[in-house]
Amino acid sequence: MKNENLYNYILGIADNSLILGQRLGELCGHGPTLETDIACTNISLDLFGQVRSYFQYAAKIADDNRTEDDIAMLRKEREYKNVLLVEQPNTNFAYTIARQFLFDIYHLAFLSELEKSKDLTLSAIAKKCIKEVRYHERFSSDWIKRLGDGTEESKQKMQEAIDGLWTYTDELFHQTEADKIMVKQGTGVDVTKLKDAYYSSVSDVLKEANIQMPESKYFQKGGKDGIHTEHLGYLLSELQYMQRTYPNMEW
Amino acid sequence: MSEEQTKNLEDQFEARIARDEKIEPKDWMPEKYRQTHIRQMSQHAHSEIVGMLPEGNWITRAPSLRRKVALLAKVQDEAGHGLYLYSATETLGISREEMYEQLHTGKAKYSSIFNYPTITWADMGAIGWLVDGAAIINQVPLCNTSYGPYARAMIRVCKEESFHQRQGYEIMMKLANGTTEQREMAQDALNRWWWPSLMMLGPTDAESVHTEQSMKWKLKRKSNDDLRQQFIDQTVPQADLIGLTIPDPDLKWNEERGSYDFGEIDWDEFWQVVKGHGPMNKERMKARVGAWERGEWVRDAAMAHAEKKQEQKEKQAV
């Protein structure tokens, strides 16, 4: 492939939206209220819309007859490049919200930088996505506050979820080899520079929600290099089911 | 109010409906009108919400990104219809919580069709094509029903349903024109969904208890049997067009009537499912009740938070 670094870089961005969209899709019809059900489905829809833009672009770059669906659904587990955070399960609504919030704050900052990319396609996709992600971030932040500053039970559940997912936050700022090359070329975002602002924004919302910012300094990483948690395999077996069972068909 | 006065109001009320005027939430209405509308509208809302489950079942396994997005959007539309219809029903003096309670305890019904399982991807096509197709036939006349909020809700619902129906047919068309496996999958789905879809139009006129009163209030404009015939006449050519076979050996065009004759519907199966003993009745209710119970702490928290915010606001105002 002529531009393998760019291809891998796009996958690194898109896989986050793909896997998080898939997780949210599991909840459709099972939410705590109709309104939250609709909102979570809406976020899932936005994310899959983004995924399509990225993978259509990646397919063009790969130029080997693969389609957006081949890229989304026919890779091996070790070839998915999403961060560990987004593949974590919907343990309960607090986990769903905490996962969303911890990703949204990052996602918004990331897209604001990607908008400035020298790659005009990526810049255009970022411009379109940022409007949607601004809404996601507002939704998840509001719910962090509602649950954190709601009842004793909700506060405890919210704290547990933040504590439980905290270990996956640092990976967001880890740079892969493709990242480094893309940053040098002016195409990619230097995620290391987003870290301080990220933790400061997260801290502001948590403070308002009466949730304690975890102090743990032990973090997990590996997703960006394809080394995932055990959860991903099951998610992929559903995501890929039709494409694997009925190969080479159109739907 | 004297009996004579009530009678007078009732006469005026019926005359308004006869003149095609809309009844609005604050207007006087007979108690039976209110109760009948609460029953039908909440049943309709429940059907939208329970109807999310069989299709939601395939969101994570949709075969392509395009299909996944379309399915998510469709199920989200159904949630929107539910929300819209619950709100319209609330104008009659019942809360959403009370309606949920009726659903969860089995007091309120929902469309029986959702008590069948979705076991292959083709079921997403069959549901859109047949189930939404039958729903539209049921619902289009309701755009002119007498109760204003219901009529207005139905105008929007019908627009979206007709989009869903085309989308479902397009899924079937793609399968029917696909590989042998895909064609078989499509035919199998049609075989399983055809008869339950016919049952969706309700029991035969002889068995239907609500028809006469509902006709008067424009909650119904055609009888169940007429609607069923309309559905069959409209759907058979669509099946022919994509080379699928309707699973009814007695189906035959009747030149004289200008309609299709069709075989006997298994009403024992219909009543079995209505009474709660269909293949998925228990699972559907378990899913709804489970979501509601698991969500209780979330709703409590949202309420507590809103109260705290309100208190703060009041303090600041002082």
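Let me start with helix α2 (residues 34–62) of chain A and helix α6 (residues 120–148) of chain A, whose axes in this predicted model come within 11 Å and cross at roughly 160 degrees. Angles over 145 degrees count as roughly antiparallel, and α2(A) and α6(A) are therefore roughly antiparallel to each other. The crossing of these two helices, α2(A) and α6(A), is left-handed.

If you follow the contact along the α2(A) side, you will find, among others, A:Thr36, A:Ala39, A:Cys40, A:Ile43, A:Leu47, A:Tyr54 and A:Tyr57, and these belong to a set that meets residues of α6(A) including A:Leu122, A:Ile125, A:Cys129, A:Val133, A:Phe139 and A:Trp143. Taken by class, the residues of the contact of α2(A) with α6(A) comprise 13 nonpolar, 7 polar and 3 charged.

Now, stepping back to chain A as a whole, its secondary structure comes to 11 helices and 0 strands, so that, read from the N terminus, the elements run α-α-α-α-α-α-α-α-α-α-α. The radius of gyration of chain A is 18 Å, close to the 18 Å that the globule rule gives for 251 residues, and chain A is therefore as compact as a globular protein of that length. Along its principal axes the C-alpha trace of chain A spans about 55 × 40 × 30 Å, and 60% of its 251 residues count as buried. As for how the chain is joined up, among contacts in chain A between residues at least 6 apart in sequence, 79% join residues at least 24 apart.

Let me turn to chain B, and to two of its helix pairs. Helix α2 (residues 31–56) of chain B and helix α11 (residues 281–294) of chain B have axes that come within 10 Å and cross at roughly 110 degrees, and α2(B) and α11(B) are therefore roughly perpendicular to each other. Their crossing, that of α2(B) and α11(B), is right-handed. The contact is made by B:Ile49, B:Val50, B:Leu53 and B:Pro54 of α2(B) together with B:Arg284, B:Met285, B:Ala287 and B:Arg288 of α11(B), and by class it has 6 nonpolar, no polar and 2 charged residues.

The other pair is helix α5 (residues 122–139) of chain B and helix α9 (residues 224–241) of chain B, which pack at an angle of about 145 degrees with their axes 10 Å apart, in a crossing of α5(B) and α9(B) that is right-handed. Among the residues making this contact are B:Trp129, B:Leu130 and B:Ile137 of α5(B), and B:Leu227, B:Phe231 and B:Gln234 of α9(B). By class, the contact of α5(B) with α9(B) has 7 nonpolar, 6 polar and no charged residues.

I would like to finish with two residues of chain B. Is B:Lys74 buried or exposed? The place of B:Lys74 is in helix α3 (residues 65–90) of chain B, and, since the limit for buried is under 20% relative accessible area, B:Lys74 at 4% relative accessibility counts as buried. Leaving aside its neighbours within four places in sequence, B:Lys74 is in contact with B:Glu55, B:Ile127, B:Gly128, B:Asp132, B:His164 and B:Gln167.

B:Thr89 also lies in helix α3 of chain B, and B:Thr89 is buried, with a relative accessible area of 0%. Not counting residues up to four places away in sequence, B:Thr89 touches B:Ile38, B:Met41, B:Ser42, B:Ile94 and B:Met99. B:Ile171, by contrast, is 82 residues from B:Thr89 in sequence and 33 Å from it in space, C-alpha to C-alpha.

Technical notes. Residues numbered from 1 in each chain as written. Chains lettered and ligands numbered in written order. Predicted model: local features only at pLDDT ≥ 70, side-chain atom pairs only at ≥ 80, totals over all residues. Heavy atoms only, no water. Helix = DSSP H or I, 4+ residues; strand = E, 2+ residues; numbered from the N terminus. Buried < 20%, exposed > 50% of the residue type's maximum accessible area, 1.4 Å probe, protein only. Contact = heavy atoms within 4.5 Å. Axes fitted to C-alpha atoms, helices over the stretch in contact; angles between N-to-C directions. Parallel < 35°, antiparallel > 145°, perpendicular 65-115°, else oblique. Left-handed = near helix turned anticlockwise from the far one by under 90°. Nonpolar A, V, L, I, M, F, W, Y, C, P; charged D, E, K, R; others polar. Rg over C-alpha atoms; globule rule 2.2 N^0.38 Å.
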